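Keep the sequence and the structure in view while reading.

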Amino acid sequence: MSKREVTGHAMGRNGQIDYQVTVADNRITDLKVLNHSETPGIFNQVIDQLKNDVVSHQSFDVDAISGATVMSRAILDSANQAVTAAGVDITPAPQPQTAPETQRLTTDVLVIGGGEAGLVAACRALTEGRQVTLVEKNGYLGGATILNGSNVVATGSKLTKRVLGDQGDTPAKLAADVARESKDTNVPALTDLMVHQIGPAMDFISQFANLPYQKAQTQTPEHSVTRQIELPSASSYELIQKVAAAFTAAGGQLLLDTRVEALTFDDQHQLNGVVAKQHAKTVEITAQAVVLASGGHGANQKMRTAESQGIDYYGPATSTGDAYAFNQALDLKTHDLDWYKIYPHGVEVAPGTAKLTTYASKQATDMGALYVNVHGKRIVNESDVYTTFRDAILKQDGQVAYLVMDARTWKQVYQLMVLHDFSAEEIQGYFDHPEQRPIFVKGDLQTVARQAGIDGDQLAQTVKRYEASVRAGHDDDFNRDPQYLHAFEGDLFYVIEQRDRFATTLGGYSVDPQTLQLLTNAGTPVANYFGAGEVIGGANGHDSMPSMMNTWGIASGYVAGKMASEKARV
């Protein structure tokens, strides 16, 4: 047997991808990625499917994976060129020639969208004894959730009592925090549903999918009590992977690469299903009840408004608001489509595209790091809530700030960045090119200031004044909490940029707050149609607290799944 390893490089969405193609007797036997900087939760779901397609077809002329088109197409095209350049002659496997077909399916409950809200809704309906089909337009599950951490609250649950003990938390206290942080822009009835249903929802899904939640490493100051929990990996990929596996193991049906294009109606003009496309195949699904959990519209430039202009986007490129097209016939009521969840902790990895550094940035400020502007001056109380950081960064030249830390702090920051979506190679690449964005520099104080474009003399004065505050035990400039006043150790400093970024939208369709049925502009509930997750706005208002997007997704999915299953029972 003649065996060869052909290596090559492709440019993915987040950077270079190194791969290896194994060929034996002019047949492709394996496709392996050696290094990459892609989002792990997406990459891990996509690469095996891509490899199986290439091996089964004995060709790189196969479909790219929906929702990961840039990455998968780059690997396919580059690998094809590399194998050809190596002189390997691959004969494509014969494929049956089939005319475009239409597949017709019937189910009790249909769920549109495979993020956390859709998956929880599907699992809830399944446990109610309904036949459930979930369709997802991408070739992977997770939606915007896949880019976030797994942190969530579980107020009122048995889970919270076991993990955190009695912290004095109540649904009323959580609702008060939501209202305060959103400046009373939340819809009280939806907030009430969320805070009262998240407890039973978390007990349900953690048991159904065997999710081992624990106390979250980061407890953010927006929450008035300790209530945030997370999975051991801190990644939402663990949530998506385990919930999806439990759903299919219990008899649920998952259809990936299945994009809804139209709704269908019965003779009484009531919703009874959808028409979808799965590559060249048409899929017609008839259902007694439908849950819309299709996600937000942050990636849709035509739906973007002034509030998001100039702010980096770190959500999936597939959050395009498809539902607003296929729902047009229903004249559905919407509200606050120009609301976005803007976070202060981001690194611009490509023009207009960011990755989150929330956990790492919080750890840095807990250990004494400073936020400064290009003039070398502090801009914020580093122990304050995220909205204060967000607003402070937006006021700076170029809407960028810089996080200044010592080597002791950088060690912890680095570990958290690698844990949350950055690769070691990616970070090193930033340090290797200090003249480019994003800014990642290290050296003595004057060196990092020069490389980052910060006023070095002023930065030195800022550090000197801050260290005097540490010695005094009081921050006269910003009144930083004394427990986070820590002196810099040594002469080696690290500076990384910080930009505001957003992934999720906070407005959306209006619903009946008791049943989560979608409403028309006339205020009439749409029979058989329920909403969940990001596509339904209001529970968290114009600015959700950390952990509350996941909280709304799980709570609303839990309720929508129950309501849809009851409708399907009629």
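## A four-stranded sheet

In what order do the strands of the open sheet of four strands lie? The order is E18-E19-E21-E20, and the pairing is antiparallel. Strands E18 (370-372) and E20 (440-443) are at the edges with a single partner strand each, so one side of each has no neighbour in the sheet. From one strand to the next the twist averages 25°. Helices (H or I, at least four residues) and strands (E, at least two) are DSSP runs numbered from the N terminus, and two strands pair if DSSP finds at least two bridges between them.

Strand E19 (residues 400-406) and strand E21 (residues 493-499) run antiparallel and are joined by seven bridges. Within this pair, Val-400 stands opposite Arg-499 of E21. Helix H11 (residues 407-419) packs on the sheet and touches E19, E20 and E21, where contact means heavy atoms within 4.5 Å. The direction of H11 makes about 120° with that of E19; axes are lines fitted to C-alpha atoms, for helices over the stretch in contact, and angles run from 0 to 180 degrees between N-to-C directions.

## Basis of the model

The model is predicted: local features need pLDDT of at least 70 and side-chain atom pairs count only at pLDDT 80 or more, while totals for chains, interfaces and linings use all residues. Residues are numbered from 1 along each chain as its sequence is written, and side-chain values use heavy atoms, with hydrogens and water left out.

## Other strand pairs

Strand E1 (residues 3-11) pairs with strand E2 (residues 16-24) in the antiparallel sense over nine bridges. Glu-5 stands opposite Thr-22 in E2. The hairpin of E1 and E2 has four residues between the strands, and Gly-15 there takes a positive phi near 140°.

An open sheet of three strands has the order E6-E8-E7, again with antiparallel pairing. Its edge strands, E6 (152-153) and E7 (214-215), each pair on one side only. Two bridges link E7 to strand E8 (residues 228-230), and Lys-215 stands opposite Ile-229 in E8.

## The largest pocket

The largest pocket has a volume of about 550 Å³. On a 1 Å grid over the protein atoms alone, a pocket is an open set of points with protein on both sides within 12 Å along at least five of seven lines, a cavity is a set where a 1.4 Å probe fits but cannot get out, and lining residues have an atom within 4 Å of a point. Grid points are joined across faces, edges and corners, and a volume is the space filled by probe spheres set on the points.

Of the 22 lining residues, His-57, Asp-63, Thr-98, His-279 and Ala-280 lie nearest the pocket's centre. Helix H1 (residues 40-57) gives the most to this lining, with three residues.

## Cavities

How many cavities of 30 Å³ or more does a search of the whole structure find? The search finds six.
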